[in-house]
Amino acid sequence: MRNIRVAFGPVVANDDVSFAVEPGEIHALLGENGAGKTTLMRALAGLIQPQAGSIEIGGQPVTIDGPLEARRLGIGMVHQHFMLVPTLTVAENIALGLKEVRTWFPRLDQLADEIDALGARYGLAVDARALAGELSVASQQRVEIVKALYRGAKILVLDEPTAVLTPQEAAALFPVLRALAAAGTAIVFISHKLNEVMAVTDRITVLRRGKVAGSLRTAETEPREIARMMVGGEVTLPQLEGMPVAGRPLLEVDRLGLTDARGVRRLEGVSLSVGAGEIVAVAGVDGNGQQELAEAIVGLQRPDTGRVLIDGVEMTHRPVAERIAAGLAHIPEDRHRTAIFEKLSVTDNAVAEEAGRPRFARWGLRRQGETRAFAAQLVADYDVRLGSVEQAIGSLSGGNQQKVVLGRALSRDPRLVVAVQPTRGLDIGATAFLQSQLLKRRAAGAAVLLISTELDEVLALADRIVVLFKGQVTGVVARADFSVEKLGLLMAGRTA
Amino acid sequence: MSESASAAAIGFARRWLLPRSVLSGMLCVLAAFAIGALLIAAIGRDPVLAYLSLFEASLGSTNGLAETAIRTVPLAFCGIGIALAFRAGVFNVGAEGQLFIGGVAAAWMGLQLGGQPQWLVLPAMALAAAVAGAGWSAIAGVLKLKFRADELITTIMLNYIAIYFVGYLLHGPLQDPGSPLARTARLAAEARLPMLLEGTRLHAGLLLVVVVAIVAQVFLWRSVAGFRLRAVGHNARAAENTGMNVKAALWTGFLICGALSGLAGFSEVAGVQRRMIENLSPGFGYTAIIVALLGQTNPLGVLAAAVLFAALQIGSTTMESAAGVPSALTTVIQALVVLLLIGQNALPRLFRRRAVTGS
Amino acid sequence: MTSFMTLSRRRFAQAALLLVATTALSTPVLAADLKIAMILPGPITDNDWNSVGYNGLEAAGKALGAEVAYVENVTDADAERLLRDFAERGYKLIFAHSFSFGDAALNAAEDFPDTTFMAGTAAELAPNLGTYSNPDYQGAYLAGMLAAGTSKTGSVGWVGGMPAPNMLANLHAYEAGAKEVKPEIKVLHTFIGSWFDPPKAKEAAIAQVEQGADVLSAQGVGVIDAAITKKVFALGAMTDQNHLGPEAVLTSVTWDLGPLVTAVGQAVIDGTWKSENWSYGVAANSVGLADFHGLDKNVDPAVLKAVEDKIAAIKAGTFEVPLDTSEVQ
């Protein structure tokens with residue numbers, strides 16, 4: 001790909017980007033969120049048309065005008081979100097849309113045999129006759145890779161493949177990629193995790209703000225250099241200062257059980273407590289009950305067994321407003337769905353929790369001046385970049401939206417902070433800022449419950465780690481005993 | 001940085017000086033008239049003459065203006081109620097039924113209090129209408145909040161029930177004694193809204209609806225409850241997460257819509273018909289949905305849209321006599337306004353997708 | 001949905017000219033420079049009440065050389081507005097062609113004292129508001145005689161809308177006429193509770209046939225349909241409804257409003273109009289029987305003769321059809 005330029009209106013996503021991957025090479029495409037990695041790969045997959053630049057495959061200039069053409073040219077994509085039909089078998093999923101398998105009477109048995117053989121060749125253990133919906137996340141990912149290979153992929157693009165995997169599963173993926181490369185497949189490995197990139201790739205291209213910041217051989221570089229390239233300057237990751245002062249428990253969760261609307265048991269007997277001046281992290285692979293736990297604590301879901309106490313007061317079935325009054329602050333996982341009102345102004349979003357307090361209202365009418373002044377102060381304190389506080393919050397970047405959410409939650413001086421995946425989708429700078437704010441709350445004597453699937457984050461910030469697996473606590477690890485291996489085992493459901 | 005600052009400045013001007021929503025609403029109306037003009041030309045009539053006669057009849061004379069104002073009242077009452085419900089995310093399309101229930105309640109109260117002074121009778125009638133309308137709307141509220149029944153369906157169904165129920169009352173217990181007509185007895189002078197303009201039917205309901213529009217505007221944009229109502233309408237989950245009482249906001253949407261639609265019935269009974277009759281409304285509650293949308297669910301905007309639609313309806317019969325254009329054309333124009341309002345949201349999206357996918 | 005038609009080309013030109021504000025042009029002032037309007041509760045094509053009104057208006061317009069205009073399908077709620085609109089636009093004689101428009105006419109009359117209003121069967125009058133009634137009960141008496149003279153089962157039926165005074169008068173006269181011919185005859189009656197509900201009217205008529213009635217008085221749309229279905233005779237109302245059922249509609253009690261509208265218009269022009277009840281019946285040739293279209297062979301010739309004699313007696317003033325509006329079960 002040479003001199004690729006993609007612009008969406010005034011926003012330039014890719015500017016004069018050149019990128020090459022050779023057969024047998026694993027090439028990392030590294031960059032912060034919004035650096036243009038995904039856009040570049042969407043251009044390669046024919047999902048968008050670059051305004052300028054050219055693409056060559058095997059030395060031949062090509063025009064990729066759609067996904068079918070991309071497939072014909074041997075480009076295979078494995079997306080972050082898998083695209084499998086859960087009620088079909090693996091073989092049927094792979095057969096979907098393939099002319100070769102025939103439309104009316106697909107030769108599924110033959111296909112299944114071929115798939116099993118293909119998997120075995122690269123160490124990709126898949127059962128072609130299993131239902132896709134019953135497979136683990138890691139297996140589904142292997143199916144996606146096999147699907148791409150079966151369709152003749154010579155160039156395999158993996159978009160953040162380890163985001164959904166446990167450390168062990170991630171470690172198991174790497175030999176597969178090596179084997180594929182050894183067989184001559186060109187692999188593009190998109191990630192923002194430095195350690196993985198260092199471990200598995202041959203070459204690294206770093207994108208920053210739509211441009212190539214540099215291209216390096218993995219063997220000839222070190223993480224610090226790459227990090228500098230990604231952010232364009234030095235970044236210091238936050239450090240825990242001092243050991244926790246054992247304060248009184250501000251959050252107690254007692255044998256919580258929860259069944260969702262579809263009748264699936266999401267939480268079973270979950271107990272934990274967070275004391276003043278302590279950060280407790282809940283780790284686990286995505287979808288093991290973290291969201292339900294958070295929502296039961298903040299009051300968005302009703303548990304059917306167990307209790308939630310905030311500062312010693314039972315809150316299990318109390319409305320959200322009472323919990324907020326008791327000092328709870330929530331930084332939810334899905335910002336757009338749960339935290340912000342996209343079409344309302346930054347001001348309105350900033351005071352959403354407190355609009356009725358005497359400070360912001362008199363005789364039931366809002367005090368415009370006070371409200372706006374508060375929003376302006378919040379914007380300044382939390383370094384939100386915007387044109388006007390009257391702007392709709394939806395027009396801000398994700399990082400700035402999250403800063404407003406953070407500011408709203410923390411400016412109340414909360415005693416209990418529940419932060420769920422607070423740094424997901426943020427760039428390194430915004431992540432560091434957010435993490436430092438959580439540490440500040442800890443230092444100020446608040447209890448912080450950090451629910452995150454980012455192991456690095458959890459390891460860096462937590463005083464204790466509670467591991468959830470299938471809605472149950474598989475272990476609690478104190479900071480002194482932290483190790484990736486131990487956590488990985490717990491996250492895979494093996495109790496310590 | 002300066003680029004984003006100037007963009008913000010433009011955004012600010014758009015929002016506060018000439019909001020895009022107002023502009024787009026006006027464009028939709030103009031476009032609907034333009035398409036209407038093509039239709040008039042297509043049947044061999046003169047569009048200019050047709051539109052001139054239309055507005056001459058509705059705005060060109062004292063009586064025409066008064067009639068337009070009279071028709072504005074129920075459209076605006078229902079429209080503002082619907083708009084506030086929409087703001088809360090409640091798609092209450094039951095204004096028609098709520099109007100009928102409010103009208104019959106007002107008439108009943110007016111007949112009960114026969115002989116009492118006006119200062120007592122009229123407020124009591126208005127209150128009865130508002131409470132009855134809100135109560136009727138509350139049925140849909142209970143069905144939604146307790147049984148998750150879609151209010152879009154239930155409110156429409158309740159319209160039919162209301163109209164048949166009122167029909168039963170007017171044929172039965174509330175029927176004017178000695179009359180075979182489905183209507184109540186005539187209200188006493190104390191139970192009628194004061195007239196505003198000599199020689200016309202213009203009644204004080206107009207003042208009431210203007211006050212309601214202003215109060216509703218302040219409520220929506222300046223009050224805490226209005227803010228929460230809008231927040232719930234935008235994102236109920238986020239509202240719950242920020243400690244707002246989502247159910248209270250939804251109830252507000254149901255009850256305000258019912259109460260204001262009930263007041264529409266009250267003003268028709270006490271201001272125009274002077275009794276409750278079977279066909280009190282020619283679909284005010286349905287037209288008001290379009291009015292609410294055209295008014296961008298802003299109470300004052302809804303009031304303006306109600307004036308426009310009232311003028312359209314009042315002028316349509318004269319347009320037919322003067323220009324030979326079927327009065328149904330105004331129905332076509334009303335429908336076109338809706339389609340264009342919906343379409344203008346879809347069109348830019350369509351173009352944007354084109355631009356991205358290319359081909 | 002109301003629709004509006006102007007019946008005069010001149011009116012059209014006038015309106016157009018007015019709109020472009022060329023008031024300098026003056027139209028010749030005729031003796032009959034009277035504009036007559038009518039609002040009607042239903043469609044003018046109903047072959048029933050509304051057709052009668054429309055035909056009467058048109059006939060008067062021709063007879064007087066007057067401009068006429070109308071609006072059809074007017075609801076009670078909208079009636080006053082349209083009456084006022086006509087008054088405002090210079091129509092000096094306005095008919096409110098439904099007894100449910102009484103309120104509206106009374107209110108409009110109060111605000112337009114120089115305009116003459118005529119409301120169908122109004123209870124309350126004003127100096128400039130008169131009323132007119134449909135003495136079709138006189139015709140109903142004749143219909144009753146014919147029904148009894150045609151019936152083989154000794155049972156005849158009558159299906160009407162709501163028990164309003166005019167309908168009660170019609171029913172009682174029908175019964176009296178039938179009993180004059182056959183004192184022992186059974187007269188069934190049903191009020192369907194609505195002025196326009198064809199399925200319900202048809203259902204009620206079929207029920208009467210099943211109870212033995214073989215001649216039905218059709219005071220609502222749907223009854224003739226039933227007569228066709230059940231192969232019995234029906235007596236039409238308002239206009240000659242034979243075309244609705246050439247084998248079933250024996251004859252129709254017709255009402256011609258033309259003489260009345262013309263007379264009222266002439267009275268307004270002459271300045272002799274009075275606020276009273278204008279009633280044109282059999283004697284004025286307003287109410288009568290339509291052609292039998294050959295079906296009179298089914299009627300006892302003696303009865304046919306008796307009917308003819310009865311018409312002559314009414315015209316001569318030697319017989320008066322009894323007017324009875326008492327309520328029935």
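1. Some housekeeping: residues count from 1 along each chain as its sequence is written, and chains are lettered from A in the order in which they are written. As the model is predicted, local features need pLDDT of at least 70 and side-chain atom pairs count only at pLDDT 80 or more, while totals for chains, interfaces and linings use all residues.

2. Where chain A touches chain B, 29 residues of chain A are in contact with 22 residues of chain B (contact: C-beta atoms, placed from the backbone, within 7 Å). Helix 10 (320-325), helix 11 (335-339) and strand 18 (365-366) of chain A each bring at least two residues to that side (helices are DSSP runs of H or I, at least four residues, and strands of E, at least two, numbered from the N terminus). The chain A side comprises 15 nonpolar, 8 polar and 6 charged residues (Ala, Val, Leu, Ile, Met, Phe, Trp, Tyr, Cys and Pro are nonpolar; Asp, Glu, Lys and Arg charged; the others, Gly among them, polar).

3. Chain B also meets chain C, with 24 residues from chain B and 25 from chain C. Helix 3 (76-88) of chain C is one of the elements that supply at least two residues on the chain C side, and helix 3 gives the most, 9 residues. That side has 12 nonpolar, 5 polar and 8 charged residues.

4. Helix 3 of chain C also contacts helix 4 of chain C: A79(C), E80(C), L83(C), R84(C) and A87(C) meet A104(C), A105(C), N107(C), A108(C) and D111(C). By class, this contact has 6 nonpolar, 1 polar and 3 charged residues.

Definitions and conventions. Contact = placed C-beta atoms within 7 Å.
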